[in-house]
Amino acid sequence: MSETTGASYAAAGVDIEAGDRAVQLMKEWVKKTKRPEVLGGLGGFAGLFDASALKRYERPLLASATDGVGTKVDLARQMGVYDTIGHDLVGMVVDDLVVCGAEPLFMTDYICVGKVHPERVASIVKGIAEGCVLAGCALIGGETAEHPGLLSPDDFDVAGAGTGVVEADRLLGPELIRKGDAVIAMASSGLHSNGYSLVRHVVFDRAGWALDREVEEFGRTLGEELLEPTRIYSLDCLALTRTTEVHGFSHVTGGGLANNLARVVPDALHATVDRSTWTPGAVFDLVGKAGQVEQLELEKTLNMGVGMIAIVPADSVDAALTTLADRGVDSWVAGEITERGAHPTGAALTGSYAR
């Protein structure tokens, strides 16, 4: 007669001790994001934020956003680089919050893995924490879930949620935008975190390139270019609202520049963006040529070098550009707000890109 061993969580593929070690390793990074309103530390069942800090507002409006990183996580897995993907996660969340003028207060994250590798999980959280520091918000909690059998041991995904606050009479939205307003573009750091299903199809399936391929136009490897972290604009946008009049922001993510800009333009108005005011980075040209992707397809999938838009009155342009330049943000006047007229959509790109 053969002996049998009782089932266990470990035998099913879940390593509780590895999870505990991951928590210990990530604590030092989470601590760097702490704001004075945060109570307690990592390890509780819920993160605590002292809402009495909102008493200084006349009418505080809470804003909430949630997002992930998409298939860019697979590139991080293939390259074994885990400490940048968190910047992408934070950027996707906090820069949605700031569109309405909200200051990001805190975030929580969710990391799902096939197998807990403590150092790997801690590296992911390190990137999230660094992103929170850049955004001025706290990382007050999260969850690491181990899903053996559903994910392979090296697979993972990340998601996050954020909460921000804005004074009611400083809320930004379409109702503030006026004919004659200027459209100011802020440069992206690269692809950011959208369109990677198309990018991966082009560079891997069609072009057959490897991540370690040196690309002269990039001055680095293909993988390094594709993993370039998303630029986080929240503090830059908040600085604009303090130094000059701002009527609106648009975070350029999935759907491209025109579609995202149209989301914040009122029905009676139209935003015209002149392509000749900037030159998209080399990575956009490469994806287009290697995949024979039509320009309009690229533009509705990728940010084309613009990660955030500010809409300001014409007499606020100089002050806005000066503020952004002082903060190291490459920006320029890319277009204007006009009457809708015969335009079928709220925003459109015109002209040809500068070369």
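Guide: One term first: two residues are in contact when heavy atoms of theirs lie within 4.5 Å. Please also keep in mind that this is a predicted model.

Visitor: Understood. Which elements do the buried residues of α9 pack against?

Guide: They pack against α5 (196-206), β8 (214-215), α6 (222-226) and α10 (295-299).

Visitor: And which residues of α9 are buried?

Guide: Helix α9 covers residues 282-291, and V283, F284, L286, V287, G288 and G291 are buried in it. Just after α9, Q292 has a positive phi of about 50°.

Visitor: Why might residues three or four places apart in a helix point the same way?

Guide: An α-helix has 3.6 residues a turn, so residues at that spacing point the same way.

Visitor: Let us turn to the nonpolar cores. How many residues does the largest one have?

Guide: The largest nonpolar core has 93 residues. Those with the most contacts inside it are M107, F156, M186, L226, F249 and L261. Apart from that core lies another, of 9 residues, including V38, L105, F106 and I140.

Visitor: What is F249 in contact with?

Guide: Leaving aside neighbours within four places in sequence, F249 is in contact with several residues, among them V98, L172, M186, L240 and I309.

Visitor: Now the aromatic rings. How many aromatic pairs are there?

Guide: The structure holds 4 aromatic pairs. In one of them, the ring centres of F49 and F106 are 5.0 Å apart and the planes are at 45°, so the pair is tilted. F49 is in strand β2 and F106 in strand β4, 57 residues apart. Both F49 and F106 are buried.

Visitor: What about Y82 and F156?

Guide: Y82 and F156 form an edge-to-face pair, 5.8 Å centre to centre with 65° between the planes. Y82 lies in the loop between α2 and α3, while F156 is in strand β6, so the pair ties together parts 74 residues apart in sequence.

Visitor: Is H87 buried or exposed?

Guide: H87, found in helix α3, has a relative accessible area of 14%. It counts as buried because the cut-off is under 20%.

Visitor: Last topic: what lines the second largest pocket?

Guide: That pocket, with a volume of about 330 Å³, is lined by 17 residues, of which G101, V166, R170, L238 and T241 lie nearest its centre. The elements giving two or more residues to the lining are β6 and α7. The lining divides into 8 nonpolar, 3 polar and 6 charged residues.

Conventions. Residues numbered from 1 in each chain as written. Predicted model: local features only at pLDDT ≥ 70, side-chain atom pairs only at ≥ 80, totals over all residues. Heavy atoms only, no water. Core = buried A, V, L, I, M, F, W, Y, C linked by side-chain atoms within 4.5 Å. Buried < 20%, exposed > 50% of the residue type's maximum accessible area, 1.4 Å probe, protein only. Helix = DSSP H or I, 4+ residues; strand = E, 2+ residues; numbered from the N terminus. 1 Å grid on protein atoms, 1.4 Å probe; cavity = no way out; pocket = protein on both sides within 12 Å on 5 of 7 lines; lining within 4 Å. Points joined across faces, edges and corners; volume = space filled by probe spheres on them. Nonpolar A, V, L, I, M, F, W, Y, C, P; charged D, E, K, R; others polar. Phe/Tyr/Trp six-rings, centres within 6.5 Å; stacked < 30°, edge-to-face > 60°.
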